[in-house]
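Q: Could you walk me through this structure, one feature at a time? I would like to learn how to read each kind of feature as we go.

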Amino acid sequence: MFCKQCDDDGTVDEMNNLLGEEPDTMLHAALYDHTETTFKYMICKHVPEAMDIPKRYTILHVPAMTWAIFSVDDCEMQNMWRRIYAEWLPTSGYNLVGDINFEMYYGRADNSRGEIWIPVETQ
């Protein structure tokens, strides 16, 4: 619903224009400030540190971390999240660290692929 609102109100087009991208280029999503029942969700894109960002946008600083990256065909993110927690994490030898995860979307709305990035450390 939030992503649709951002499409409908022109936020996605404005962000793509600011970044020099085509209007229908997919943006990424940051999931952060997790509690037991909620988290914040932000549409985003990596920008150079020196880039002038309009005040209406929030800047999320991400520290350097080690990331486990999962390719997601057809951007089926919910299924991949379930698999990460149920299948991969219990047997991977890694622990989750930090409080930021990313859903990375590449391409355009009619032809996209995705990745999930989670910060990890070895057990």
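**Reading the structure together**

A: Buried means under 20% relative accessible area, exposed means over 50%, and partly exposed lies in between, with a 1.4 Å probe and protein chains only. Before we go on, this is a predicted model, in which local features need pLDDT of at least 70 and side-chain atom pairs count only at pLDDT 80 or more, while totals for chains, interfaces and linings use all residues. Residues are numbered from 1 along each chain as its sequence is written, and side-chain values use heavy atoms, with hydrogens and water left out.

Q: Which residues does Trp-81 touch, leaving out those up to four places away in sequence?

A: A contact means heavy atoms within 4.5 Å. With that sequence limit, Trp-81 touches Leu-31, Asn-101, Glu-103, Ile-116 and Ile-118.

Q: How do I read a nonpolar core, and which residues have the most contacts inside the largest one?

A: The general idea is that in soluble globular proteins, nonpolar side chains tend to be buried together. A nonpolar core is a set of buried Ala, Val, Leu, Ile, Met, Phe, Trp, Tyr and Cys residues joined through side-chain atoms within 4.5 Å. Here the largest core has 14 residues, and those with the most contacts inside it are Phe-70, Met-77, Met-80, Trp-81, Ile-84, Ile-116 and Ile-118. The elements giving two or more residues to this core are β1, β3, α3 and β6. Helix α3 supplies the largest share, four residues. A second, separate core has seven residues, including Ala-30, Tyr-32, Cys-44 and Ile-100.

Q: What do the names of helices and strands stand for?

A: They are DSSP runs numbered from the N terminus: helices are H or I with at least four residues, and strands are E with at least two. For example, helix α3 covers residues 77-92 and holds both Trp-81 and Tyr-85, which lie four residues apart, about one turn of the helix.

Q: How many aromatic pairs does a search of the whole structure find?

A: Rings of Phe, Tyr and Trp (its six-membered ring) pair if their centres lie within 6.5 Å; planes under 30 degrees apart count as stacked, over 60 as edge-to-face and the rest as tilted. The search finds five such pairs. In one of them, the rings of Trp-81 and Tyr-85 have centres 6.3 Å apart and planes at 25°, so this pair is stacked. Tyr-85 is partly exposed, at 44% relative accessible area. Trp-88 and Tyr-94 are also stacked, because their ring centres are 5.8 Å apart and their planes meet at 15°.

Q: How many salt bridges does the structure hold?

A: Side chains of opposite charge can pair when their charged atoms come close. A salt bridge is a side-chain nitrogen of Lys or Arg within 4 Å of a carboxyl oxygen of Asp or Glu. The structure holds five. Among them, Glu-14 pairs with Arg-56, with the closest N and O atoms 3.0 Å apart. This pair links distant parts of the chain: Glu-14 sits in helix α2, and Arg-56 in the loop between β2 (40-44) and β3 (66-72), 42 residues apart. Glu-14 is partly exposed at 34%, whereas Arg-56 is exposed at 53%.

Another salt bridge joins Arg-108 to Asp-24 (3.0 Å, N to O). Arg-108 is in strand β5 (residues 100-108) and Asp-24 in the loop between α2 and β1 (28-32), so the pair ties together parts that are 84 residues apart in sequence. Lys-40 and Asp-33 also meet in a salt bridge, at 3.1 Å from N to O.

Q: How many bridges join β1 to β5, and how do the two strands run?

A: Two strands pair if DSSP finds at least two bridges between them. Four bridges join β1 to β5, and the strands run antiparallel; Ala-29 stands opposite Glu-103 in β5. Strand β5 also pairs with β6 (residues 111-122) in the antiparallel sense, over seven bridges. Gly-107 has Ser-112 in β6 as its bridge partner, and a hairpin joins β5 to β6 through two residues.

Q: Is Thr-11 buried or exposed?

A: Thr-11 is buried, since its relative accessible area is 9%. Thr-11 belongs to helix α2 (residues 11-19).
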